[in-house]
Amino acid sequence: MSDLNWETVCDASDLLPEIGARALLGKDQVAMFRIKDKLFAVNAIDPFTNAAVLARGIVGSLKDQIVVASPLLKQHFNLETGSCLEDETVSIKTYAIRENDGKIQLALK
């Protein structure tokens with residue numbers, strides 16, 4: 001991941017455990033999560049409603065996967081792969097994310 005271009009989006013202290021935060025990466029709205037000291041970043045747009053709500057979703061584990069549940073229709077999305085547990089034909093984009101010198105950074109492609 002060192003050859004990626006990274007953009008700082010917030011201070012690391014702004015990303016609270018198990019509470020989503022939203023950032024802009026170019027034109028993309030990204031939902032970011034810190035779960036058990038691991039960072040995840042996915043597209044914030046719920047593909048079933050086209051609403052930017054996934055940062056407000058509830059995180060947890062389901063079927064041995066770390067997921068976020070959409071607050072609207074309750075579909076679960078795997079935070080590592082972006083796949084929807086209820087409909088395997090639907091997925092959301094995932095992003096490379098890291099903490100660097102007290103900052104949260106997302107990778108630009």
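Predicted model: local features only at pLDDT ≥ 70, side-chain atom pairs only at ≥ 80, totals over all residues.

Residues are numbered from 1 along each chain as its sequence is written, and side-chain values use heavy atoms, with hydrogens and water left out.

**Exercise 1.** Find what the chain is made of over residues 7–106.

*Solution.* Start with the record: UniProt, in an unreviewed entry, places the feature "domain: Rieske" at residues 7–106. Such annotations may be inferred rather than shown by experiment. Next, the content: this stretch is 0% helix and 45% strand (DSSP runs, with helices H or I of at least four residues and strands E of at least two, numbered from the N terminus). Finally, its end C-alpha atoms lie 5 Å apart.

**Exercise 2.** Work out the strand order in the open sheet of three strands.

*Solution.* Begin at the edges: β2 (21–25) and β4 (38–43) each pair on one side only. Pairing here takes at least two DSSP bridges between two strands. That gives the order β2-β3-β4, with antiparallel pairing. Now zoom in: β3 (residues 28–35) joins β4 over six antiparallel bridges, and Arg34 sits opposite Leu39 in β4.

**Exercise 3.** Describe the hairpin of β8 and β9.

*Solution.* First, the strands: β8 (residues 97–100) and β9 (residues 103–108) are antiparallel, with four bridges. Then pick out a facing pair: Arg98 is opposite Gln105 in β9. Last, the turn: two residues separate the strands, and Asp101 has a positive phi near 55°.
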